Amino acid sequence: MDLKERLKKIELEAARALTDITDLEQLEALRVEFLGKKGRITEVLRQMGKLSAEERPQIGQAANFLKERLHNIIENKKTEIEQEVRVRKMEEERIDVTLPGNKPRLGHRHPLTRISDQVKELFIGLGFTIAEGPEIENEYNNFEALNVPEHHPARDLQDTFYLDYNYLLRSQTSTVQIRTMAQKKPPIRIIAPGRVYRSDELDASHTPMFHQVEGLVIDRGISFSDLKGTIELVVRAIYGQERLFRFRPSYFPFTEPSAEVDISCIVCAGKGCRLCSESGWLEILGAGMVHPNVLEMAGIDFKQYSGFAFGMGLDRIAMLKYGINDIRLLFENDQRFLRQF
Ligand code: PHE
């Protein structure tokens, strides 16, 4: 077969092979077969040495012409296949914008976090700053400096977790009063939210760990009416304008006079029910004027300065606000419960 015929044959075969091709890989294989360095056209060109001087340019031209044509055809086919691939891909990835959306579920803030944030915001608005202290405390800050000397019966008022003879898990955030007074001179206006620990039996209203918010204000001329006004604001902000509240005389070693604050029962509004033990009232916090002994131990001149302090149970406040009847719900992380807030 002379080279001219071989070129014809190559052309025909290439044309036939091209019609079967559907993807880019096959097309590339075909290109290599016909146009590659060791391809069939090159093979023809290599044999031109055998040709006569007149034949050589003719065949050379024909071979180059075929090469160019094939090259163009393959390029066109390539564009065509690429276009097809793109269309297919778009078809596959098409999004039906009319389908209902998959909304990601929003998280919820824990009821205690909500109450805590609300209380913090309220006090920050009143010019207070937030103070902190450690949960592992020494007994000086937890008792001694709060006017509860060793062997004082008041140490038994709260069942404390001792770590050793000196260290304990703080049983009240009042420790932060002491820490603050050790660091700052009056005027002092702080609240201190945090965890406290008492070795209580677990039941619907007791957990060995719970939360308090301590408050401490010390300045010249602070009186019981300042305490009353502050507490009134808190009660109104958390429980609403209509809620009744009262101060009831009480005893804390570190305040004198001391009081407990009750709000009218959130279930019966004062008529008497099981929640309020038929009294119509619910206790929400302890408070009082800072005892002169406490000021003196903290190095504050009680002839110039006076102050008030309060401590409220956040868990209890959250329970009363949201109508939660078992404190354990706050710590079990049951999603069905938490999702309601
Ligand atoms: N620390 C007291 C308690 O835990 C509450 C309290 C704080 C009372 C500050 C008076 C003043 O019961």
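## Briefing on the ligand site and selected local features

A polar side-chain atom of Arg198 is placed 2.8 Å from an oxygen atom of the ligand, in a model that is predicted. The protein covers 92% of the 320 Å² of accessible area that the ligand has on its own, and the space that the ligand takes up is the largest pocket.

**Polar atoms around the ligand**

- In the side chain of Ser174, an N or O atom is found 2.9 Å from a nitrogen atom of the ligand.
- Gln212 places a polar side-chain atom 2.9 Å from an oxygen atom of the ligand, while for Arg198 the corresponding distance, again to an oxygen atom of the ligand, is 2.8 Å.
- These distances count as polar contacts because the definition asks for a pair of N or O atoms within 3.5 Å.

**The shell around the ligand**

- The ligand is surrounded by 15 residues, and the closest of them are Gln172, Ser174, Arg198, Gln212 and Glu214.
- By residue class, the shell is made up of 8 polar, 5 nonpolar and 2 charged residues.
- Three strands, β5 (209-219), β8 (281-290) and β9 (306-313), each contribute at least two residues to the shell, and the largest share, 3 residues, is that of β9.

- Gln212 is part of strand β5, and it is among the closest residues to the ligand.
- With a relative accessible area of 11%, Gln212 is classed as buried, because that class takes in values under 20% when the protein chains only are counted.
- Besides the ligand oxygen atom at 2.9 Å from a polar side-chain atom of Gln212, the backbone nitrogen of Thr173 lies 2.9 Å from a polar atom of the Gln212 side chain.

**Cis peptide bonds**

- The bond that leads from Pro186 to Pro187 is a cis peptide bond, with omega near 5°, and Pro187 belongs to the loop that runs between α7 (175-183) and β4 (188-197).
- Glu256 and Pro257 are likewise joined by a cis peptide bond, for which omega is about -5°, and here Pro257 is in a strand, β7 (residues 255-264).

**Positive phi outside glycine**

- Glu278, in the loop between β7 and β8, is a residue other than glycine with a positive phi, near 65°.
- The relative accessibility of Glu278 is 55%, and Glu278 therefore counts as exposed.
- Asn333, in the loop between α10 (314-322) and α11 (335-338), is a residue other than glycine whose phi is also positive, near 55°.
- Asn333 is classed as exposed as well, having a relative accessible area of 52%, since the exposed class begins over 50%.

**The loop between α10 and α11**

- Asp326 is located in the loop between α10 and α11, and its side chain is joined to that of Arg328 by a polar contact of 2.9 Å.
- At 17% relative accessibility, Asp326 is counted as buried, whereas Asn333 at 52% is exposed.

**Helix α8**

- Leu227 sits in helix α8 (residues 224-239), and with a relative accessibility of 0% Leu227 is buried.
- Between the C-alpha atoms of Leu227 and Met209, which are 18 residues apart along the chain, there is a separation of 27 Å.
- Ile231 is also a residue of helix α8, and its relative accessible area of 1% places Ile231 in the buried class.
- Ile231 and Ala287 are 56 residues apart along the chain, and their C-alpha atoms are separated by 9.2 Å.

**Helix α4**

- Glu92 is located in helix α4 (residues 55-92), and a relative accessible area of 63% makes Glu92 an exposed residue.
- The C-alpha atom of Glu92 is 41 Å from that of Phe341, a pair 249 residues apart along the chain.

Note on methods: Residues numbered from 1 in each chain as written. Predicted model: local features only at pLDDT ≥ 70, side-chain atom pairs only at ≥ 80, totals over all residues. Heavy atoms only, no water. Near = heavy atom within 4 Å. Polar contact = N/O pair within 3.5 Å; in protein donor to acceptor, adjacent residues only side chain to side chain. Areas by Shrake-Rupley, 256 points an atom, 1.4 Å probe, with all protein chains shown as cover. 1 Å grid on protein atoms, 1.4 Å probe; cavity = no way out; pocket = protein on both sides within 12 Å on 5 of 7 lines; lining within 4 Å. Sits in = over half its atoms within 2 Å of the grid points. Helix = DSSP H or I, 4+ residues; strand = E, 2+ residues; numbered from the N terminus. Nonpolar A, V, L, I, M, F, W, Y, C, P; charged D, E, K, R; others polar. Buried < 20%, exposed > 50% of the residue type's maximum accessible area, 1.4 Å probe, protein only.
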